[in-house]
Amino acid sequence: MAAQGTTLVKHYRELAFMGFKEVIANLGTIMKNIRFCKEDIGNWKPDVIVFVDYPGFNMRIAEWARKSGYKTVYYISPQIWAWKEGRAVKLKRDIDKMIVILPFEKEFYRKYDFEVDYVGHPLLDVVNDFKPDENFLKTNKLEGKKIIALLPGSRKQEIAKKLPVMLGIREQFPDHTFVIAGAPGMDPVYYQSIIGNIETPIVYNQTYNVLSHAEAALVTSGTATLETALLEVPEVVCYLGSKFSYEIGKRLVKVEFISLVNLIMGKMIVKELIQHDLTTQNLAKELDKLLNDSLYRTEMKANYKILKEKLGGVGASRRAAKEIWDFLEQKKA
């Protein structure tokens, strides 16, 4: 397969709206970009359209693509097993080939008589290729510090809700330095407005280095929880959304856990503090346990190793690329 150049036409961050209220408020922008996407595909006429996650947008395009005669592949299934499971029927109708990255998804789709291909999780490649920066501590003036990593999310609305709670326990851990893994493009002034007068380092574009040097991590629910586990850092998962989004989500979401770590393992191996449970009191109690309960830490790290085995080993992206290439070759034959 010869490598071809790629052109970024529109960045997904322009549609990075989180929560029911936020999506409704930005429907006009979303619909405008759906029209733009259809026009761009129609002008380019690709051999295959590869959709990656992001169901609210991609499933609309997939339905149009099928009706327009395009071949369709979906890499990284939407998390329909969590809510609106019935969308599996539409995916089976509109997608020629589904490639999944979570081990339980293959069995999930079997219920809908939809055979999918499991290739493992691409984060294993990313983590495997990561090499800690030997000068990280010195560069960021953290030498001799015992670090607690804070990952409060990548969007302002997430950070505004979770970071104050995370920072609210600093004084209870005076021997540790709380370090914020800064989100790309987020203005330091915004963080400073939340941090206040207590000195708190912010490190940008080095989340893995922050985690790899940390004794424990306070992590916003999402992909970061899995990254933290793959780096074998003891963690507590934090979720605090708007009351409107949480109340709706609570009625629609069908899964037992919110973190990928627990979902993949099928049991609670990292503590989840959700909405009303995410208080400074509860967070401090869990962090103390992560730092001082050696049995708890050892058990969590042992479960992390099992997690890695479940995720299929390195090479997921290469296996996915081969699946897509083989699919196209079969269609040509």
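A salt bridge is a side-chain nitrogen of Lys or Arg within 4 Å of a carboxyl oxygen of Asp or Glu. Keep that in mind as we walk through this predicted model, in which local features need pLDDT of at least 70, side-chain atom pairs count only at pLDDT 80 or more, and totals for chains, interfaces and linings use all residues. Residues are numbered from 1 along each chain as its sequence is written, and side-chain values use heavy atoms, with hydrogens and water left out.

Let's start with the charged pairs. Side chains of opposite charge can pair when their charged atoms come close. A search of the whole structure finds 14 salt bridges, and one of them joins the side chains of Glu63 and Lys67, at 3.3 Å from N to O. Both residues sit in helix 3 (residues 55-67), and because they are four residues apart, about one helical turn separates them. Helices (H or I, at least four residues) and strands (E, at least two) are DSSP runs, numbered from the N terminus. An α-helix has 3.6 residues a turn, so residues three or four places apart point the same way.

How open are these two side chains to the surroundings? Here buried means under 20% relative accessible area, exposed over 50%, and partly exposed in between (1.4 Å probe, protein chains only). Glu63 is partly exposed at 27%, and Lys67 is exposed at 59%.

Glu85 forms a salt bridge with Lys111, with 3.0 Å between the closest N and O atoms. Glu85 lies in the loop between strand 2 (71-75) and helix 4 (87-94), while Lys111 lies in the loop between helix 5 (105-110) and strand 4 (117-118), 26 residues apart. Glu85 is buried at 18%, whereas Lys111 is exposed at 55%.

Lys97 and Asp117 form another salt bridge, their closest N and O atoms being 2.7 Å apart. This pair links strand 3 (residues 97-100), which holds Lys97, to strand 4, which holds Asp117, 20 residues apart. Lys97 is buried at 14%, and Asp117 is partly exposed at 24%. Elsewhere, salt bridges that share partners join Glu63, Arg66, Lys67, Arg93 and Asp94 into one network.

Finally, turn to helix 8 (residues 156-167). Its buried residues are Glu158, Ile159, Lys162, Leu163, Val165, Met166 and Leu167. These residues pack (contact means heavy atoms within 4.5 Å) against several elements, including strand 5 (146-151), strand 6 (176-182), helix 9 (188-195) and helix 14 (280-292).
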